Each structure stands twice: as structure tokens, then as C-alpha cells.
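Hello,

Here is the structure I promised to pass on to you. Have a look at it first, and then read on for what turned up.

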Amino acid sequence: MKEIAQHLIAWYHQNKRDLPWRNTQDPYKIWLSEIILQQTRVEQGTPYYLHFIETYPTVFDLANAKDETVFKLWEGLGYYNRCRNLLATAKIIATNFKGVFPNDYETLLTLKGVGPYTAAAIASFAFNAPYAVLDGNVFRVIARYEGIDIPTDTTVGKKIFEERAAAMLDKKRAGLYNQAIMDFGATVCKPMAPHCNACPLQKTCVAHATAQVNQLPIKEKQLIKTERRFYYFLLQVKDEIWVTERKHKDIWQGLFEFYLLDAGKKMLWNEVAAQQFLKEQLGLSSIKLLHRSSEIKQTLTHQIITAQFIRVSLSKKPASLTAGKWQKISKLKALPFPKLIHQYFSETFIW
């Protein structure tokens, strides 16, 4: 196994990507990059990382920031639970650890949003602790190199891959090795069309020898996406529109939206239908339909959201709307909204 580590580290010295979080051993910056890059491509996450570091150069700066401001900065990255965990952990580090990140794996695991992979990444990159990272790239490299056809998302499979990852780790150069195997999986041993001809492990790769490269790794569970239909009513009084923050545990928690009907089926909206719905919901006696958008879709990991926006003018603010707030139209973009609503702003909304 030492020979594999040597090959990967040698390859890495020649081919590593110049990424901003690689030029530091500051655990705050490493933690921040790892949280941003969870379920996010490097190309997309890099500008967010740079903006966060510029805006919040220390964990104290992030811990003292307003939640709404941080969510606005996070906007567009998706998986907003990461942002909530980011804020929670920043406060814990600033308060309980006096701004100093713990340097041991087990304590790192107690932080919000930090699982085994992220804890291993921080421990090895910042402190060179001997823990092997195991993300999608590493799963793929190990599965192909050793010809493992056990599903990666099963209890047995996870245990086997953890054991193999630990066995392959260069314990004296843990951080360097982990960076190497992750970069290798991202740029050479890719999911589709891997660069096998440029692979330094080709001669001893089981998947290459047995023509199984495109069949490995294996997952047992197939992702099933549920479909939802959102109908957003933009309730406008003069130059203000009513908005509210999503607080329940669902997608986009902590972001803002308009008055929502989360429907289970496709609905057709005209002025009469909108009038009847808003009378039943809010007791409104009269409205003026200003605009009805075309459908806009956003695909999430487990869901497909189809949304339509119905903008109506009201003569006065409904007394029944006690939650939320009325926002000046000119200041709507200052709030953190889901990507789908921003798409509506850019494509359809008339300012």
C-alpha cells in the first residue's frame, strides 16, 4: 500500500490544482472550505470561499455576523442546512473554544455539520493527523483500484472502504496524501470518461485489468425524486410586497419567499381563481392581477420543484397577515431567496 501512496503523492506534486485553501494550515479556513465544498463543485464553491474569507477573515467575525447577512452571502450554493451548521459551529468555536479549533478528530466530530469525512479533512490538512478522508472521489478510486463491487452505501460496504482507505493512508504525510487521492479522483479517476491512459496506477488497477472501470463503484440505493408544485402569490400594496422567512424543517429553511400554496397538482390561475383563493385564505375582497409567470423549475437532490408566480395588487395590507414583513420592491434583492425565486427575478419580474 505504501507504493500506491508514493505514486499518488508523486502525481500530485506534478498535477495538483492551485486552490486557495491549499496554501494554508489555518483550521478555520480549511473548515470553511470543506463546508462550502460539501455537495458543491470546486468551480462553483471557490468564489464563495474567497468572498467568505474576505468578509469574515476570522471565526469571531463569522460568529458575530447576522444570520440573514450570512445566508445572503451563501445564496446560490444550496443545501442551506450547511449554512445553519456553519453559523452554529462558528459560535461554538468562538464561545466554547475561545476561537481555537480543536486539533483532535473526536472533538471535531462533535461540531455541527462536521461528519467523519470533514473531521478527517480538517484533522489531516490542518494538523497532519493520521485520518483518511473518504468522499465520493476516494470511494471511486478505491473501488476501481481494488475491484470492489460491494455497494458503497451499505453498512458492510462503508466498513470495507473505511478499512481500505486507512490501509492506503500515508500516516506520516496524511494531509498531503489525502489531498492527492482526492485530486486524483476529481481529475483522473473521474466518474465518466476517466483518464486511464494517464493513470499512474493503471498497471495494478483491477478495474482496468478486468474492464470494469465504468461499472465501479456500485450504489445499492437508487435516488427517487419527488415532484412538488409551488404557487407563489406576490401580494403588492403600492411599492411593497409581503415576504416571509421559511422556518419549518423543509427545503430552503432560513430563506425568504412570498405567500405560498404548496399544491399537490397543477393548477390554472386567472384573476377570478386568484381572487377566490385569496378571499378564502386571507379574506381579501378585491385584487388586481398584475402578472402571471410561466413555470420555472429547479431540481434538487431529492425533489423537483415547479413554481409559478402570481403577482397581484391589493388596496390595503391584509390584517390577517400578522407574520412576515412588507418589503420595498427596490430592496427585495437584499434578502436571501432560493435560486428559483432569483431566476424569476432575472427572467420575469418587472421592477
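Of the 351 residues in the protein, 50% are buried (under 20% relative accessible area; over 50% is exposed and anything in between partly exposed, with a 1.4 Å probe and protein chains only). The model is a predicted one, so local features need pLDDT of at least 70 and side-chain atom pairs count only at pLDDT 80 or more, while totals for chains, interfaces and linings use all residues. Residues are numbered from 1 along each chain as its sequence is written, and side-chain values use heavy atoms, with hydrogens and water left out.

**Overall layout**

The secondary structure comes to 14 helices and 8 strands; these are DSSP runs numbered from the N terminus, helices being H or I with at least four residues and strands E with at least two. Taken along the principal axes, the C-alpha atoms fill a box of roughly 75 × 50 × 35 Å. Among contacts (heavy atoms within 4.5 Å) between residues at least 6 apart in sequence, 66% join residues at least 24 apart.

**The cores**

In soluble globular proteins, nonpolar side chains tend to be buried together. Here the largest nonpolar core has 101 residues, and Trp31, Phe52, Phe258 and Phe309 have the most contacts inside it. By nonpolar core I mean a set of buried Ala, Val, Leu, Ile, Met, Phe, Trp, Tyr and Cys residues joined through side-chain atoms within 4.5 Å. Helix H8 (residues 116–127) gives the most to this core, with 8 residues. Leaving out residues up to four places away in sequence, Trp31 touches Leu62, Leu86, Thr89, Ala90, Phe101, Val114 and Ile122. There is also a second, separate core of 20 residues, which includes Trp242, Phe277, Ile310 and Trp326.

**A helix pair to look at**

Helix H9 (residues 136–146) packs with helix H11 (residues 174–187) at an angle of about 80°, and their axes are 8 Å apart. The axes are lines fitted to C-alpha atoms, for helices over the stretch in contact, with angles running from 0 to 180 degrees between N-to-C directions. That makes H9 roughly perpendicular to H11, on a scale where angles under 35 degrees count as roughly parallel, over 145 as roughly antiparallel, 65 to 115 as roughly perpendicular and the rest as oblique. H9 contributes Asn137, Val138, Arg140 and Val141 to the contact, and H11 contributes Ile181, Met182, Phe184, Gly185 and Ala186. By class, the contact has 6 nonpolar, 2 polar and 1 charged residues (Ala, Val, Leu, Ile, Met, Phe, Trp, Tyr, Cys and Pro count as nonpolar, Asp, Glu, Lys and Arg as charged, and the others, Gly among them, as polar).

**Two buried glutamines**

Gln236 is in strand E1 (residues 226–237) and is buried, with a relative accessible area of 11%. Its side chain reaches the backbone oxygen of Lys238 at 3.0 Å. Beyond four places in sequence, Gln236 touches Ile241, Leu290, Arg311, Val312, Ser313, Leu314 and Ile329.

Gln275 is in helix H13 (residues 271–282) and is buried too, at 19% relative accessible area. A polar atom of the Gln275 side chain lies 3.1 Å from the backbone nitrogen of Ile287. Leaving aside neighbours within four places in sequence, Gln275 is in contact with Leu284, Ser285, Ser286 and Ile287.

**Backbone geometry**

Most residues other than glycine have a negative phi, and most peptide bonds are trans. Which peptide bond is cis, with omega near 0°? The one from Leu216 to Pro217, and Pro217 is found in the loop between helix H12 (206–209) and E1. Ala211 is also found in the loop between H12 and E1; its phi is near 55°, a positive value, and Ala211 is exposed, with a relative accessible area of 61%. Asn128, in the loop between H8 and H9, likewise has a positive phi near 55°, and is partly exposed at 33% relative accessible area.

**One more residue**

Ile53 sits in helix H3 (residues 42–55) and is buried, with a relative accessible area of 17%. Not counting residues up to four places away in sequence, Ile53 touches Tyr28, Lys29 and Leu32.

Notes: A polar contact is a pair of N or O atoms within 3.5 Å; within protein, one must be able to donate a hydrogen and the other to accept it, and residues adjacent in sequence count only if both atoms are side-chain atoms.
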